[in-house]
Amino acid sequence: IGTTDSPINIYGVNDLGTIYFNSKRGINIDNVIFKDLTNRLSRFSQPAAITFYECNLINISNSIFKENVSGDDFLNFFRSNNIKIENSLFENILNDAIDADFSNVMIKNSQFNRIGNDAVDGSGSNVQIDNSQFSYVKDKAVSAGERSNFILNKSSFISNEIAIVAKDASNLTLNENIMQENKIDFSSFVK
């Protein structure tokens, strides 16, 4: 845990910079800057720079995730629960910023800018997003797939390829969101 005046900096170097969590104990990440991370030399063949595998109680706040070097995702949650991401920034991400597989995630007051693929991608997950901003996402800002349940409240979607997608029997509830200058605001399909 860092502070506003003295954040913790975690930077990858060359092909090094992979983090893997597998814990039932609480994980707290506060005031941490993650930059230049990769999945290249992971012992677990993980697709993401940071993986949370079967974790319970994850709190991420006041943190920055930017400029990853490789990986399908910057953050991947797999069969994890009680995840809260708050007041955080995801910027200049190579592919997906967050991928939630069979997990429960709450995202509040966070920003997603210049994301190379999807900003938040869920499969078989329960995801709630409140008061967050999505801009310049090159694929889907929010992608609810494989029987996921998503709730989006008071968030803004500006200048994205596709703002919101519901696919594969997923449920999506939208309340007071703003859509501006997206190529497509909504899409729904079966893969």
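How many bridges join S9 to strand S12, and in which sense do the two run? Four bridges join S9 to S12 (residues 104–108), and the strands run parallel. Two strands count as paired if DSSP finds at least two bridges between them. Strands are DSSP runs of E with at least two residues, numbered from the N terminus.

This is a predicted model, in which local features need pLDDT of at least 70, side-chain atom pairs count only at pLDDT 80 or more, and totals for chains, interfaces and linings use all residues. Residues are numbered from 1 along each chain as its sequence is written, and side-chain values use heavy atoms, with hydrogens and water left out.

Stay with S9. Ile83 stands opposite Val105 in S12. Strand S9 (residues 81–86) is also joined to strand S6 (residues 56–61), through five bridges and again in parallel. Here Asn59 has Lys84 of S9 as its bridge partner.

Now take another sheet. Eight strands form an open sheet in the order S2-S5-S8-S11-S14-S17-S20-S23, with parallel pairing. Strands S2 (19–21) and S23 (184–189) stand at the edges with a single partner strand each, so one side of each lacks a neighbour in the sheet. Neighbouring strands are turned by 10° against each other on average, direction ignored; the axes are lines fitted to C-alpha atoms.

Within this sheet, S8 (residues 73–78) pairs with S11 over five bridges, in the parallel sense. Phe77 stands opposite Ala100 in S11. Strand S11 (residues 96–101) also holds Asp99. Leaving aside residues up to four places away in sequence, Asp99 touches Asp73, Leu75, Asn76, Phe77 and Asp121; contact means heavy atoms within 4.5 Å.

Finally, the rings. Rings of Phe, Tyr and Trp (its six-membered ring) pair if their centres lie within 6.5 Å; planes under 30 degrees apart count as stacked, over 60 as edge-to-face and the rest as tilted. The count comes to eleven aromatic pairs. Phe90 and Phe112 have ring centres 4.8 Å apart and planes at 5°, so they are stacked. Phe90 lies in strand S10 (residues 89–93) and Phe112 in strand S13 (residues 111–115), 22 residues apart. Phe112 and Phe134 have centres 4.8 Å apart and planes at 5°, so this pair is stacked too. Phe112 and Phe134 are both buried. One aromatic cluster is formed by Phe34, Phe65, Phe74, Phe90, Phe112, Phe134 and Phe157.

Terms used
Axes are lines fitted to C-alpha atoms, for helices over the stretch in contact, and angles run from 0 to 180 degrees between N-to-C directions. Buried means under 20% relative accessible area, exposed over 50%, partly exposed in between (1.4 Å probe, protein chains only).
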